[in-house]
Amino acid sequence: MFRLFGYDEAMNQQEMKILTGKGAVDALVSRGMKLGLGTGSTALQAVNHIGRLIQEGKLTDIRAVPTSLQTLIACEEWGIPVYTLNSKEILGRLDLTIDGADEIDGDHYCVKGGGGALLPEKITAYASAAYAIVADETKLVKHLGQAFPVPVEIIPEARIPVMQAVERLGGVPRLREAVRKAGPVVTDHGNLLLDVRFLKPVDPVEMEQELNRIPGVVENGFFTKLRPMIFIAHGDGVLEMRK
Ligand code: 5RP
């Protein structure tokens, strides 16, 4: 565990998001890097900082792969050059991905997908030589999937059989409903999302595999196969880095 920075005054959650997003970029990002850029309000702070550094001429030759339309739009607004994992400038490999998380446990396992982008986020993370999660201290938990439901991306046609199979695994699935649009959330890849609450603590390593074995599940929000660096912003203004 390393402590990187300290501030004198108590921070609100938005300030903690800015602290961790900026801190991870300052610690890890340098000229010429191929970057995976995550989704959500915390990852966006890292994107904003990268954009600002590029605009100020302090960071050059960045090639970015955004993990959602939200992040793509942010990159376009900042003028951050964007590619896909298939672009010849990227060739399927990234130096680093910076992303947020909904929950993080003591093993650095995460739940992700609150922003509905877990599929591109997992693909991008697996294609990266280094992986960093940026979060504020409210995301730290003892057991994953208890307070924050685990998102599961599914093929629309498989909704009912997948929900039944999830129930057999001890989960309580709920179809994610859109806000200001009637009907369900449709992901950037045309799929639906189930938010699954587990009434009892589950083994996230096993459950990640079990959920993905259900026909019709595209991917789920347990992230247990990689061990990301974690940048945690605390309310007292300390940015902690856990390796
Ligand atoms: C999006 C994600 C986000 O990283 C996660 O939901 C955290 O978002 P925020 O930083 O807004 O709390 O996994 O799919």
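This is a predicted model: local features need pLDDT of at least 70, side-chain atom pairs count only at pLDDT 80 or more; totals for chains, interfaces and linings use all residues.
Residues are numbered from 1 along each chain as its sequence is written, and side-chain values use heavy atoms, with hydrogens and water left out.

I placed aspartate 195 in strand E10, residues 192-198; helices (H or I, at least four residues) and strands (E, at least two) are DSSP runs, numbered from the N terminus. Aspartate 195 has a relative accessible area of 15% and is therefore buried, given that buried means under 20% relative accessible area, exposed over 50%, and partly exposed in between, with a 1.4 Å probe and protein chains only.

I then turned to lysine 181, in the loop between strand E9 (171-175) and E10, and found that lysine 181 counts as partly exposed at 45% relative accessibility. A polar atom of the lysine 181 side chain lies 3.0 Å from the backbone oxygen of proline 184. I also checked the C-alpha atoms of lysine 181 and phenylalanine 198, which are 17 residues apart along the chain and separated by 28 Å.

**Entry: positive phi**

Most residues other than glycine have a negative phi. I therefore wrote down arginine 180, which is not a glycine and yet has a positive phi of about 60°, cited here against the general rule. Arginine 180 lies in the loop between E9 and E10 and counts as exposed, at 87% relative accessibility. Histidine 108 also has a positive phi, of about 70°, although it is not a glycine; histidine 108 sits in the loop between E5 and E6 and, at 5% relative accessibility, counts as buried.

Between E5 and strand E6 (residues 110-111) I recorded two bridges in the antiparallel sense, two strands being paired if DSSP finds at least two bridges between them. Glutamate 103 has valine 111 in E6 as its bridge partner.

**Entry: parallel pairs**

I found strand E2 (residues 34-37) running parallel to strand E3 (residues 63-66), the two joined by four bridges, with leucine 37 opposite proline 66 in E3. Leucine 59, in the loop between H2 and E3, is buried, with a relative accessible area of 6%. The C-alpha atoms of leucine 59 and serine 30 are separated by 6.8 Å, although these residues are 29 apart along the chain.

Strand E7 (residues 128-136) is mostly covered, since seven of its nine residues are buried. Strand E4 (residues 94-99) runs parallel to E7 and is joined to it by five bridges, and aspartate 99 has isoleucine 133 in E7 as its bridge partner. Five bridges in the parallel sense also pair E7 with strand E13 (residues 229-233), where alanine 132 stands opposite methionine 229.

**Entry: the ligand**

I looked up the 17 residues around the ligand, of which Ser41, Thr42, Asp102, Gly113 and Lys139 come nearest; a residue is near a molecule if one of its heavy atoms lies within 4 Å of it. A polar side-chain atom of aspartate 102 lies 2.6 Å from a ligand oxygen, and a polar backbone atom of glycine 100 is 3.3 Å from an oxygen atom of the ligand. Taken alone the ligand exposes 380 Å², of which the protein buries 91%, with accessible areas from the Shrake-Rupley method and a 1.4 Å probe.

Definitions and conventions:
A polar contact is a pair of N or O atoms within 3.5 Å; within protein, one must be able to donate a hydrogen and the other to accept it, and residues adjacent in sequence count only if both atoms are side-chain atoms.
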